[in-house]
Structures are given as C-alpha cells and as structure tokens.
Amino acid sequence: MTGKQLENCLVEHCAPTLAGIKSAGLFSYYYRDENGAKKELKAVNRLLNEKGVYVEALIWRERSVLVYAYRPGCLEAELHRSGVMELLTQYGYEDSRMDACLSHLKERLQHYSCFPHEIGVFLGYPLEDVKGFIEHGGQNCKSCGMWKVYCDTAEAEKLFDKMRKCSRVYRQVFSQGRSLAQLTVCV
C-alpha cells in the first residue's frame, strides 16, 4: 500500500472527523509491510497534527491495523461529558485523562475479537446510544446509521445525513486532486 491509499482510507472512513463534524473515526487498514504502514502513519500525522487531527494504531494484527483518527480536543470534551466516566469505570477505566483512556482501550482491544462496546464513546456517539447498545446487546434499536440509535432518532438522522453528505463531497474533491491536508479543517 502507498501513502495515498492510507489517505484514501482516511477520506473514505473519516471525512466527518477531517471536517470537524465528528470527534473520531475508525477503520481497518490492510498493509503488506508493517514497517511501511508505520511510516505511512507517521507521514499522515506530519500532515494532519498541525490541523488538530491525530492518527493512531489501536491494534496491530497480521496484515492489518485498526486505525483511529481523532481530534484530541474533541475527544477530551467527549470523555468529560456528564456520565461518560461513570460508564467507562465499569470497564476498568480508572483515569479520565485522554492518554490513559486510549491506553486502556488499546489494552481492551487485545482481548476482543470484535470491539468492546464502550468504543462508541471514543467515536463521539451519543452516550445514551452507547448505553442503549450495551443494555440491549445491539438489538431493538430505533434507527441504524453510522451507529445504532436508541434515543433521539430525529437528531441522529440529521447528523447521519450531514455526515453522509460530507463523506460524499470529500470523496469527490479528493478524487479531483484536493490533498488530505487541504481537506482537513482546523478546529
């Protein structure tokens, strides 16, 4: 994979984060060479960190890495919303600092074949929807889009539409030659 392929994945899966609409995004990136993938991640961080976006490997697997693109300021705010740490402490998060929470999330990912359900908090999903997903085991949601909705469907649907439009526009302008750095909004 080339650096452009990683950039393409970021545009494809994380456009709302690049645009400042969403605090974080997540995707699996498939690579041929782990060292090459690490270099690509460093290169992308050199492009995006000054714009307030960081790209981090959450877990390395054979031939793929789970890539987390996030805005630290937004993630900090998410972690300090009312009720978030109360939920996270149920899953062993003892320290509310962003770095400590990300470290614990990485540790938890090592023990899951899928995802620990609290990951929705790290992706900027509404807390009540994260709780609803956990309580209902992913069943009986009111709506489904970028996440399963258990509470405010009208607000979620507006946000889904906004994120879909953002992704569509970002894919289009990226394919027309706009760079990843140009697409990333400073927030």
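A nonpolar core is a set of buried Ala, Val, Leu, Ile, Met, Phe, Trp, Tyr and Cys residues joined through side-chain atoms within 4.5 Å. Buried means under 20% relative accessible area, exposed over 50% and partly exposed in between (1.4 Å probe, protein chains only).

This is a predicted model: local features need pLDDT of at least 70, side-chain atom pairs count only at pLDDT 80 or more, and totals for chains, interfaces and linings use all residues. Residues are numbered from 1 along each chain as its sequence is written, and side-chain values use heavy atoms, with hydrogens and water left out.

**Stop 1: the core.** Select Tyr 68, Leu 75, Leu 79, Leu 88, Val 121 and Phe 122. These have the most contacts inside the largest nonpolar core, which has 31 residues. Helix H5 gives the largest share of this core, five residues. Helices (H or I, at least four residues) and strands (E, at least two) are DSSP runs, numbered from the N terminus. A second, separate core has 26 residues, including Leu 6 and Leu 10.

**Stop 2: H3 and H5.** Show residues 72–79 (H3) and 98–109 (H5). Their axes come within 10 Å and cross at roughly 85°. Axes are lines fitted to C-alpha atoms, for helices over the stretch in contact, with angles from 0 to 180 degrees between N-to-C directions. H3 is therefore roughly perpendicular to H5 (65 to 115 degrees; under 35 is roughly parallel, over 145 roughly antiparallel, the rest oblique). Pro 72, Leu 75, Glu 76 and Leu 79 of H3 meet Met 98, Cys 101 and Leu 102 of H5; contact means heavy atoms within 4.5 Å.

**Stop 3: Trp 60.** Go to strand E2 (residues 54–61), where Trp 60 lies. Is Trp 60 buried or partly exposed? Trp 60 is partly exposed, at 28% relative accessible area. Beyond its neighbours within four places in sequence, Trp 60 contacts Tyr 31, Glu 34, Ala 37, Lys 38, Leu 41 and Val 65.

**Stop 4: ring pairs.** Rings of Phe, Tyr and Trp (its six-membered ring) pair if their centres lie within 6.5 Å; planes under 30 degrees apart are stacked, over 60 edge-to-face, the rest tilted. The count comes to six aromatic pairs. Tyr 31 and Trp 60 are edge-to-face: 5.6 Å centre to centre, 70° between the planes. Tyr 31 is buried, at 6%. Next, select Trp 147 and Phe 160, also an edge-to-face pair, at 4.8 Å and 75°. Trp 147 and Phe 160 are buried.

**Stop 5: H7.** Select residues 127–136. Leu 127, Asp 129, Val 130 and Gly 132 are buried there. The buried residues of H7 pack against H4, H6 and strand E5. Just after H7, Gly 137 has a positive phi of about 60°.
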